[in-house]
Amino acid sequence: MAPVKRRVFQTRKQMAVELAKYAADLSTKFCKERGIFTVVLSGGDLISWLRKLLEAPYIDSVEWSKWHIFWVDERVCGWDDADSNYKLAYDGFLSKVPIPAENIYAIDNGLGAEGNAELAAERYEECLKQKVYQNIIRTYKSSGFPQFDLQLLGMGPDGHMASLFPGHDQINEKVKWVTHITDSPKPPAKRITFTLPVINCASYNVMAVCDKEQADSAAAALTHTKDLPAGRLTADVEVVWFLDQAAASKLPHSWCSIL
């Protein structure tokens, strides 16, 4: 099991600065080693925290042409829908960096607009398998699941990550790479999501969490006092939790060296 690190920051701005540095450093590492950097995004506040990558020194030094972008989960809607994680990422980040359009792998736009969650999940899994065949995505050494270089996650107040929610069966899926949900407790109801084995095969997993409303679930997940999806997060190399002081306020004080 990969080591779990906790980094607690006084402000969101400080967290965003360090998150950008972490992503840029891994970009340098994988672009040098593989000539490709596979990055998995999620929704919520994450995109706003990545905006430091749009500033110096990163905007001009990162090898954007080698980035390949995927989503850990997506709302089943069209790309131009206000609920779309793709739209959020495109408007706030992807449209401002020179990542080739063909390196950005979103949900099927037509199936999203139709609301066909099951087929959208199947198509996204097919997309991942094609990228494995093309040697863009690596596979995990023992299981054959896709292995992304860096995955950027968030957590809800209930301890969900991606669209894996407490008390829902999707968390127990062990065969599929991508599954779907039609009764999400957080609207919108229809979503597709990576399964837990795929999430946990990533080389580096970052969980970024802010605000006091997340504090109880952050503490429960990190101390494994409840069976929360976020508490089952691991990785091949490293898991890092980036938290602001409010989100870390229920953790043992010995864990929380403030940066």
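Helices (H or I, at least four residues) and strands (E, at least two) are DSSP runs, numbered from the N terminus. What you have before you is a predicted model, in which local features need pLDDT of at least 70 and side-chain atom pairs count only at pLDDT 80 or more, while totals for chains, interfaces and linings use all residues. Residues are numbered from 1 along each chain as its sequence is written, and side-chain values use heavy atoms, with hydrogens and water left out.

Let us start with helix H1, residues 12-33. Its 22 residues should span 32 Å at 1.5 Å a residue, and the end C-alpha atoms are 31 Å apart, which agrees; the expected span is 1.5 Å times one less than the number of residues. Among the H1 residues that are buried are Met-15, Leu-19, Tyr-22, Leu-26 and Phe-30, where buried means under 20% relative accessible area, exposed over 50%, and partly exposed in between (1.4 Å probe, protein chains only). After H1 comes Gly-35, with a positive phi near 75 degrees.

Now to the sheet. Three strands form an open sheet in the order E4-E9-E8, with antiparallel pairing; two strands pair if DSSP finds at least two bridges between them. Strands E4 (73-75) and E8 (178-181) stand at the edges with a single partner strand each, so one side of each is left without a neighbour in the sheet. E8 and strand E9 (residues 191-194) run antiparallel and are joined by 4 bridges, and Thr-179 stands opposite Thr-193 in E9.

The structure holds 14 aromatic pairs: rings of Phe, Tyr and Trp (its six-membered ring) pair if their centres lie within 6.5 Å, and planes under 30 degrees apart count as stacked, over 60 as edge-to-face and the rest as tilted. Phe-70 and Tyr-105 form a stacked pair, 4.6 Å centre to centre with 25 degrees between the planes. This pair links distant parts of the chain, 35 residues apart: Phe-70 is in strand E3 (residues 67-71), and Tyr-105 is in the loop between helix H4 (85-92) and helix H5 (109-114). Phe-70 is buried at a relative accessible area of 0%, and Tyr-105 counts as buried at 7%.

Elsewhere, Phe-30, Phe-37, Trp-64, Trp-67, Phe-93 and Tyr-204 form one aromatic cluster. The charged end of Lys-29 sits over the ring of Phe-30, 5.3 Å from its centre; such a charge needs NZ of Lys or CZ of Arg within 6 Å of the ring centre and within 35 degrees of the ring normal. Lys-129 lies over the face of Trp-177, at 5.2 Å from the ring centre.
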